Amino acid sequence: MNNTLRVQRAIHQMTQQQLAEAVGVSRQTINAIETKKYVPSTVLALKIAKVFGQPVETVFQLEEGD
């Protein structure tokens, strides 16, 4: 699964820690999602998208074969 977390954080001038606190996870979880080592739950993906004021499809995209 592709994502635009790093770009969205830059647009909103947020650190990984700030995003993590906003959605109730650790900074390491945000890092793992950004580096595609972890696929977030539906609930977490929706929370992240809400923080950025974007549809979930803007932040997360399925890759071929997902």
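This is a predicted model: local features need pLDDT of at least 70, side-chain atom pairs count only at pLDDT 80 or more; totals for chains, interfaces and linings use all residues.
Helices (H or I, at least four residues) and strands (E, at least two) are DSSP runs, numbered here from the N terminus. With that in hand, welcome to this structure, and to Gln8, which lies in helix α1 (residues 5-11).

Residues are numbered from 1 along each chain as its sequence is written, and side-chain values use heavy atoms, leaving out hydrogens and water.

**The whole chain**

The chain has five helices and two strands, and from the N terminus on its elements run β-α-α-α-α-α-β. A compact globule of 66 residues would have a radius of gyration (over C-alpha atoms; the rule is 2.2 Å times the number of residues to the power 0.38) near 11 Å, and the chain agrees because its value is 11 Å. Here are some values for the chain.

| Property | Value |
|---|---|
| C-alpha trace along the principal axes | about 30 × 20 × 20 Å |
| Accessible surface (Shrake-Rupley method, 1.4 Å probe) | about 4200 Å² |
| Buried residues (under 20% relative accessible area, 1.4 Å probe, protein chains only) | 32% of the 66 residues |

Carbon and sulfur atoms account for 52% of that accessible surface. Contact means heavy atoms within 4.5 Å; among contacts between residues at least 6 apart in sequence, 57% join residues at least 24 apart.

**The annotated span**

UniProt, in an unreviewed entry, places the feature "domain: HTH cro/C1-type" at residues 5-59. Its positions are given in the numbering used here, feature names are shortened, and annotations may be inferred rather than shown by experiment. The end C-alpha atoms of residues 5-59 lie 6 Å apart, and the span is 69% helix and 0% strand.

**A closer look at Gln8**

Gln8 counts as buried because its relative accessibility is 6%. Leaving aside neighbours within four places in sequence, Gln8 is in contact with Phe52, Gln54, Thr58 and Val59. Gln8 and Thr29 are 21 residues apart in sequence, and their C-alpha atoms are 16 Å apart in space.

**Helix α3 and its cover**

Helix α3 (residues 27-34) has Ile30, Ala32, Ile33 and Glu34 as its buried residues. Their cover includes β1 (2-3), α1, α2 (16-23), α4 (42-52) and β2 (60-61). After α3 comes Lys36, whose phi is positive, near 65 degrees.

How values were computed:
Buried means under 20% relative accessible area, exposed over 50%, partly exposed in between (1.4 Å probe, protein chains only).
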